[in-house]
Amino acid sequence: MFFRMLKKSFLQGKKNKLLAIVTIAFGATLASAVLSVSLDIGDKVNKELKSYGANLIVKPEMEALPLDMPGIKIDPLADQRYISEDELPNIKMIFWRNNILGFVPSLSTSVFIEEQEVKLTGTWFNKKMVIPTGETLRTGAKSIKTWWDVNGNWPADNNEPEALVQQKLAQRLNIANGDKFAVTLTTEQGRKTSQLKVVGIVSTGSNEGGIFVPLNWLQEQLGKDNQVQQVEVSALTTPENALARKAAMDLDSLSSDEFETWYCTAYVDSIAYQIEEAIPGVEAKQLRQVAQSEGKVLSKIQLLMALLTVVALISSILGISNLMTASVLERSKEIGLYKALGANNLPVIYLFMAEALVIGLIGGLVGYGIGFGFAQIIGKSVFSSTIAFKPLVIPIVLLLSTGVGILGTISAMGTIVKLQPAEVLHGR
Amino acid sequence: MLKLRMYLRLLKRAVTKRKSRMIISLLAISLGAAVISALVSVYYDMGVKMRKELRTYGANVVVAPSPKNNFISTRELESVMDTLPKDNLIGYAPYIYGVVRTGDSRLVAAGTDFTQVKKVSPYWHVQGQWPDSDNSILVGIAAARQLGVETGDSIVIMAEENKQWLKAEVTGVVETGGTEDNQIIMSLNKAQHLFDKKGKINISYASIIGDAETVERWTNDLESDLRVEPVKKISQAEGKILERIRSLVYLVVIIILGSTLLCVTTTAMAMIMERRQEIALKKALGADNKSIIYEFLGESTILGLLGGAAGWAIGFGLAQGIGLSVFNSLVSFRWQVIPAVLATAVIMSCVACLIPINKALSVEPAVTLKGE
């Protein structure tokens, strides 16, 4: 009998029920679109923030302090130590290997061009590297230093004498793409002059007075096979929290449980620690300028999205519950008739709740589907990638649509109980 | 005149006699209006606020001496910075460098203005205290390890070039991951005195609020011998990130607004549908379609205005909540939001009433009044 009444109620009040389902579907669409986006936002924004460049720097442990003075000159280090290039794939072998997006090794020296001292840097441009796991990775300045603006071509990563010349220097030397010029290098065997061919002019935005060449070529020229001075690493990291700060103060103060949690969380410091483990004799440090700001900006954006999600949820909750209350009020006549026919309060309430449940389920499912579609549109147009499917969203949305629907009925329960059949049926 | 008075009376009755239903409609409309006003306020303020947040990435403009020179005079630097609107300038930190000896070690000492550094490079991590007098210094973390000094120690520093020396107390150890880790950092005055370079600096980093184009335009328009250049890495990334965040929030806001409008409209529609009998009764009493539509529109306008006003106020409060918790600052008041919210609320409630009313008007009074 109960089911028959439920069925009849849906078949006869088609229009009203459809309206209710549509409203709930709107609310659920909203909730599921915003929830899907905000659950996936961390990774996406993190990737975007990578345009600020590397957030970790790996250098050999050194005895003397380098005498770098920004914007003035670079001290060519006499007793420089080096990292072996063969060790670099190990960076992709650490616990958080999937968070390592790429890295750029470099080796710099001072050279003379027409008696002027110029900084020459050997680096990877877009190097194909095979990792011990068998995977290959393409990495280098092209993908990490996204702000480099190259007019011409990128040099190949081999030992050809091809060069990227920075804009200001190219102007000063009056050279263009395709030109050749001579540089005088200082090696352990004495001075030697080599020819370089300009394949591209690069604008890097600051300290525009240097030359970039393939790492292998420079290693060969300097007789420093397989050696690099530093490696810039770009990694996806988790914003710092209390544990990360405690570890940064004093790693030994962590209990073994805390250490494990710290080690297994992608904090910038724990990634640095793992790189130090993977390559002996190096020091991996976070570039605070990038790493710290990244965490701050990321948590701001996540908070903003979380609040927008809350607004969206409130809005859909109120929308759904308003509708439910309205529909109970509207049907006071019907309730009066049930009561006149001898129904207690309880069965009437059950009937309304069951209706709310059915409406909520259908509306919630439809809304989830549409909302997931909207989330994809957002993902495609903002981040040019799809939003991941998060199973968590489905129960939340269904709970929201049915739960709120039922709550809306309960809030109207008082009205149902108070109803005097005679009054409503009479029409006043 | 009489007609008008009757119309007003009908309106008044409609609003006051059906309290519970009116409150539901009002609630729905003011909720919609609140969401709209909160989101619009936050959206318009977000660009400026996010831009400030992104300044934690540090300097986006570098001021270097002209190619002929190795130094900038403090006066030159100030005259360049004065050409910037005060509101856009977060700060500018001047630096002077020199090689010093302490014990057996050679290292770089820098002089700077610590209050400016705190503004320009908020990512500096100082263990201990920032120096508050000319006699206290910061030591980079790698330098501290090398020299074997700790916070509280006093060290003697000798400039390599002119053999002047000074004694200072280490108040803190600084860590940045950059070149500062290898340096000793003291106040600008002290360093200028130590290196005998009164009123001179080597380089200055400035943090300016503005997109890449604004900063570039400003640096290009400058008539100065100094080399003033944007730090491309920072300013370009900033533009890109900002663009992404803005379009993300834009889309999310549009979806929330759209679905809120639809939710509110359908709720209001459901409310009107139950008033078929009332419409039928009015028709039976001789009202024509037009006057019924006018009456309902009047009612909806009142509802829309009331709901819109309440919603605007709630929404403004909501926006402040979001502003305070995300950006630690209030969202500014924009009067343009008020008419926009009121108009949306009125349109929302009028549209919600027009659709069902058209249907209700085609009703035969006799059939409906009889009760199906």
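Analyst: **The interface and what lies behind it**

The rule finds five salt bridges across the interface of chain A and chain B; a salt bridge is a side-chain nitrogen of Lys or Arg within 4 Å of a carboxyl oxygen of Asp or Glu. The model is predicted, so local features need pLDDT of at least 70 and side-chain atom pairs count only at pLDDT 80 or more, while totals for chains, interfaces and linings use all residues. Residues are numbered from 1 along each chain as its sequence is written, chains are lettered from A and ligands numbered from 1 in the order written, and side-chain values use heavy atoms, without hydrogens and water.

One salt bridge is between Glu229(B) and Lys168(A), whose closest N and O atoms are 2.8 Å apart. Glu229(B) belongs to strand 12 (residues 227–230) of chain B and Lys168(A) to helix 4 (residues 167–173) of chain A, so this pair joins two chains. (Helices, H or I with at least four residues, and strands, E with at least two, are DSSP runs numbered from the N terminus.) Glu229(B) is buried at 14% relative accessible area, whereas Lys168(A) is partly exposed at 38%. Here buried means under 20% relative accessible area, exposed over 50% and partly exposed in between, with a 1.4 Å probe and protein chains only. In another pair, Arg145(B) and Glu283(A) meet through their side chains at 3.0 Å, N to O.

Tyr52(A), Leu65(A) and Arg288(A) supply 12% of what chain A buries against chain B, more than any other three residues.

Along with Leu248(B), Tyr52(A) touches the most other members of the largest nonpolar core, which has 74 residues. Such a core is a set of buried Ala, Val, Leu, Ile, Met, Phe, Trp, Tyr and Cys residues joined through side-chain atoms within 4.5 Å. Helix 8 (residues 232–273) of chain B gives this core twelve residues, the most of any element. Leaving out residues up to four places away in sequence, Leu248(B) touches Val37(A), Ile41(A), Met305(A), Ile378(A), Val382(A) and Phe383(A). A second, separate core holds 48 residues, including Ile83(A), Ile100(A), Leu218(A) and Leu222(A). In soluble globular proteins, nonpolar side chains tend to be buried together.

Within chain B, charged pairs also occur. Asp45(B) and Arg334(B) form a salt bridge at 2.6 Å, N to O. Asp45(B) is in helix 2 of chain B and Arg334(B) in the loop between helix 10 (289–327) and helix 11 (337–361), so the pair ties together parts that are 289 residues apart in sequence. Asp45(B) counts as buried at 5%; Arg334(B), at 28%, is partly exposed.

Helix 2 (residues 19–54) of chain B also holds Ser41(B), which is buried at 4% relative accessible area. The side chain of Ser41(B) reaches the backbone oxygen of Ser37(B) at 2.8 Å. Apart from neighbours within four places in sequence, Ser41(B) is in contact with Phe316(B), Ala319(B), Val331(B) and Val337(B).

Definitions and conventions. Buried area = accessible area lost by both parts, 1.4 Å probe. Contact = heavy atoms within 4.5 Å. Polar contact = N/O pair within 3.5 Å; in protein donor to acceptor, adjacent residues only side chain to side chain.
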